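Subject: Structure handover

Hello,

Here is the structure I promised to pass on. Please open it beside this email and follow along.

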Amino acid sequence: MEKKISRRSFLKISGTVGTGAAVGLSTSTSKAKAAVRTEPKKIERIPSVCEQCFWRCGIIATVEDGKLVNIEGNPLHPNNRGKICARGNAGVALVYEKDRLKGPMIRVGERGSGKWREVSWNEALDYTAEKLLAVTKKYGVEANGLFAHGASGYFATDLYSFWGSPNSAAPSFAQCKGSRDVGYELTYGENMGSPERLDLANAKVITLIGSALGENIHTGQIIDFTDGLANGAKVIAVDPRFSTAASKAKWWLPIKPGTDTALVLAWINEIINKKGYDETFVRNSTTGFSELTTHVKEFTPEWAEKITEIPADVIRETAKAMIDAKPAVLIHPGRHVAWYGNDVQRARAVAILSAILGIWGQKGGYFLKSEFPASYNALDIPAAPTPKRQRVDGAGYRFPLASTEEGLTQELVKATLSQKPYPIKSWMVFGQNIFNSIPAKRDTRKAIDNLDFYVVVDVRPTEPTWYADVILPEDTYLERYDTLMTVTGWYKQYVSLRQPVVKRVHNTKPGWWIAKELGKRLGLSAYYPYNDYEDVIRYQLKDSGISFTKLKRDGVITFPAKPFLEPGESYQFKTSDKKVHLYSKELKDLGFDPIPVYEPVNDPGKGYFRLVYGLMPVHSHGKTESNPWLNTLISEPHLWINEIIGKSMGLKNDEEVIVENQDGIRSDKIKILMTPGMRPDAVYLPHGFGGNDRGLLDYTKRNISDNNLISKYTVDPISGGTGLRVNFVRLIKDEQPLSPTVEVSMTGVSAKKVSGVQQEEEQNKTFNIQPKKKASAIKEGC
Amino acid sequence: MSKYAMVIDMDRCIACHACEVACRSHYDVPVPYYRNWVHDLRPEGVYPDIKKVSYAGLCNHCDDAPCVKACPTGATYKRKDGVVVVDKDLCIGCGLCIEACPYGARYIDPVKEKVDKCDFCIDRVEQGVEPACVATCIASARIFGDIDDPNSKVSQLIASGAQPNVSSKVNVGPNIYYLDSHNHFPVVQAAFPPKIPNMPTPQKMWTKVLRPLFWLAIGGSFLGQLAAFSTQLFKGESDIKE
């Protein structure tokens, strides 16, 4: 094809050819070199903290003449150590994303019509306060519900607690790690925190139960995980899907979804039977070992094989690997554990397994929180009032161990739908995509109809924004201050500072300012004795010995930590008797099983598959699909399906199908990925894509969100955490439901060579994955 | 003298794509083009022997670089330190180097209308800073260094078995090496074999280079005349010196 030469290059080449003069301007693309100009660019390098996900890595932003041009990892930051993931790098594109919310707006059309008028901040805030006060006057302050998430979400949570409404909730508990935290607190008296205190780098065996490290990217954790791999760690990857972690693993255990507790109980059985536990730790630091021994007696590997479809000898072999490597066995506690609605008990099982291997405070195991050497000044503000009515979500009473700080989002939605136990008449949604995080999004949508007022604070116009009465656009994390971020559970302790690196691009405001200005209008001025959040941070640090100037300059200040116990040192656990509770009297007293039992899961039924989901390394929740630098990497999810099953249904890779769940809820067309690395009874759909984000231009425009298909969920009676892996789906092509014409069983596991191990033979365990029979007639049904 | 090379440790790479985005950010690479890449292959094999492989790649800075030979203006050349670079002032955007590259490492920037590709971040390297993709790699899977120094980490990794992506048909002396103990590299080689360089033919030289240049020369002369005429018009004849 002929190359057309543009006017610009024409002129340039003309300059050299036509007149013979060398007039080439420097067009070096390198930013370092780009400084060679007549007017040198003003280049600033400003440290801050990332919020493309919630790990909060240290970053350094390069700003040229006021424009953010680059983000890199802050080498001083002990967590991400100078490195930063794809999403962190792409923060640059977030600031300049064309679909951002650019100024405050008040709705003028019907709710959901997408018609607003642009207003001043004063008008938007006055209007919002007026509406919130009207709800308060009519129904009481408790009628105001809040969904908040992220670092600036704390400002909103504080605002509601100052105001006296107990009804705030964040998805980080019930849709994420709540049940894990409760399970670990019941066992150890403390949870694993965020960032989790996992010594992956020094582990000899890394056990991942549904933790897809590598697709789930938290930079510090991946640095340690890959260092661990390089140091020869053997990975046991328990996952119905051949994840990136499974591809690095010595053992991939393609477990039947929902049966993880059975596997863990069998491991405990085997470890106790073989006397492979840490005898000293069990004797000195735990209670309930004899009850545990009796309890797991019947849970043999053979018992578990029938349930999990993992061969008993593989369960024994992997148990032996853990026994041999202890205490350098890193059993990952998981992060998003909201799977089946009995997740506290599974987390408890994992915590018990970790406990008997004695990995607490040990190299290659769980490390310890340290004592932070500084204390911050507290602002001189009144104490928050005690709410007059009980919270509607049941946290702390209906769900006895649910966090009353984070609350239960789905219960707040339910209460708004039913208007019981008392009316909820306004919502503020602050930095959270409630349509993509909370299951049963149709309930969420319907609940909005019961509201007198609905205000959204966000950076991008996601689906929940569409129905807002008022939109308050927030600065990106690169344009604002947030609270100090102090981490005591890491190899080094640190405090890091999020500060604006670039002047705000649009008529947006930081979360702290929005909360403060609303607070003033709600009569809460006493709680906001400042005009600038930088002053708050200065005041907090004034007597701490931490220099604000240094923190601002370096982005992070580190302190030594004591992550590991000395040999022979015992640890005072934060439980009532300072010991690890293998048997939980606390649970017994609340009427729950004191030691975890396996609860059977339903089979999907013919033609149906269990819907499982997970993350992709280049996207965070629903936050990044419209980021052009990330969207170009993965612009839509593929539905993973077992290759043999897919072929038997006449499917081809990348072919589009419609996915329909047990309630008849359908997706738009989704491309499929057929692979032997997927169990035959489940399909996998990556999370974080395409709901119905009409305000976003750069996204798929198709309803291919996993959460759309998660119309059914269960609720953990202990924590209130949701079980989201309880939906069954079938595939529809040309309006016809597809049904596999083969049966595939997957009772096997691959044992592969690990890097660096020279002589180990490839051991292919028994497996059986050939077509068994052809179904004569395709029957529908669940 | 240094000779730069990179080793990609496939055992460590978890296909997070951070390298790709860091590079885009550093060089304003317009979407959907890239100077380096991670191509994710779907998990394949026969259960239970499954492999999930990703191919992290970039310009191979080949010793016998076809792109250098294909470039009609001398814009693409190999530096003494082994780095293949594009002099943007000389590049006419003809694209012949793109066809010659066995690795698909080059693109034409649609705005600048120049060819662009990885230059090993040579500006950073000369200042003692690692390439951007290496600096950001959260798995420490990219190792950059000097293979003329036998003690460098890259030299040691190559000695321990890191392989370049070459085939029996194509071996132009690439300087990107892959370290792998899971038998993943053969999957990459099968899926992304080096292409046989598509070198310029006289026909292509005419349509892509000479003909446009011919018109440019004419246009240039015309413009030169125009400039001289305008100068005359505004400044008067006496200012024009022979």
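Below is what was found, topic by topic.

Please keep in mind that this is a predicted model.

**Domains of chain A**

Start with the domain assignment. It gives chain A domain 1 (105-174 + 389-481 + 506-554), domain 2 (191-368 + 565-589) and domain 3 (609-753). How far apart do the C-alpha centres of domain 1 and domain 2 of chain A lie? The distance is 37 Å.

**Chain B as a whole**

Chain B has 242 residues, and 55% of them count as buried. Its C-alpha trace spans about 85 × 40 × 30 Å along the principal axes. The chain holds 8 helices and 12 strands.

**Sheets in chain A**

Look at the open sheet of 3 strands. Its order is β1-β2-β3 (chain A), and the pairing is antiparallel. β1 (43-49) and β3 (67-73) of chain A stand at the edges. Each has a single partner strand, so one side of each has no neighbour in the sheet. From one strand to the next, the twist averages 25 degrees.

Now zoom in on one pair. Strand β2 (residues 58-64) of chain A is joined to β3(A) by 6 bridges, and the two run antiparallel. T62(A) has N70(A) as its bridge partner in β3(A).

Another open sheet has 7 strands. The order is β5-β4-β15-β14-β13-β6-β7 (chain A), with mixed pairing. Which strands are at its edges? They are β5 (116-118) and β7 (168-169) of chain A, each pairing on one side only.

Inside that order, find β13 and β14. Strand β13 (residues 426-430) and strand β14 (residues 453-458) of chain A run parallel, and 5 bridges join them. S426(A) has its bridge partner in β14(A), and that partner is F453(A).

**Salt bridges**

There are 65 salt bridges over all chains. Here are a few to look up.

- K42(A) pairs with E44(A), with the closest N and O atoms 3.8 Å apart. K42(A) counts as exposed, at 53% relative accessibility. E44(A) is partly exposed, with a relative accessible area of 28%.
- D64(B) pairs with K69(B), and here the closest N and O atoms are 2.8 Å apart. D64(B) counts as partly exposed at 38% relative accessibility. K69(B) is exposed, with a relative accessible area of 54%.
- Salt bridges that share partners also join E51(A), R56(A), E474(A), R480(A), D482(A) and R498(A) into one network.

One more salt bridge deserves a look. D227(A) bonds in this way with R12(B), the closest N and O atoms being 2.3 Å apart. Why does this pair join two chains? D227(A) lies in helix α7 (residues 219-230) of chain A, while R12(B) lies in the loop between β1 (4-9) and α1 (18-27) of chain B, so the pair joins two chains.

Is R12(B) buried or exposed? R12(B) counts as buried, because its relative accessibility is 11% and buried means under 20%. D227(A), at 25%, counts as partly exposed.

**A nonpolar patch on chain B**

F214(B), W215(B) and I218(B) make a nonpolar surface patch of about 340 Å². I218(B) lies in helix α8 (residues 202-235) of chain B. I218(B) is partly exposed, with a relative accessible area of 40%.

**Backbone details**

Two cis peptide bonds can be looked up. One joins K326(A) and P327(A), with omega about 10 degrees. P327(A) lies in the loop between α13 (312-325) and β12 (329-331) of chain A. Another runs from Y47(B) to P48(B), with omega near 5 degrees. P48(B) lies in the loop between β3 (44-46) and β4 (49-51) of chain B.

Next, check the phi angles. R81(A) is not a glycine, yet its phi is positive, at about 45 degrees. R81(A) is found in the loop between β3 and α2 (86-89) of chain A. At 31% relative accessibility, R81(A) counts as partly exposed. N183(B) is also a residue other than glycine with a positive phi, near 60 degrees. N183(B) sits in the loop between β12 (176-179) and α7 (185-191) of chain B.

Best wishes

Key
Residues numbered from 1 in each chain as written. Chains lettered and ligands numbered in written order. Predicted model: local features only at pLDDT ≥ 70, side-chain atom pairs only at ≥ 80, totals over all residues. Heavy atoms only, no water. Patch = residues over 30% accessible without salt bridge, like charges linked within 9 Å, V, L, I, M, F, W, Y side chains within 5 Å. Areas by Shrake-Rupley, 256 points an atom, 1.4 Å probe, with all protein chains shown as cover. Salt bridge = Lys/Arg side-chain N within 4 Å of Asp/Glu carboxyl O. Helix = DSSP H or I, 4+ residues; strand = E, 2+ residues; numbered from the N terminus. Buried < 20%, exposed > 50% of the residue type's maximum accessible area, 1.4 Å probe, protein only. Domains from an automatic or database assignment. Pairing = 2+ DSSP bridges. Axes fitted to C-alpha atoms, helices over the stretch in contact; angles between N-to-C directions.
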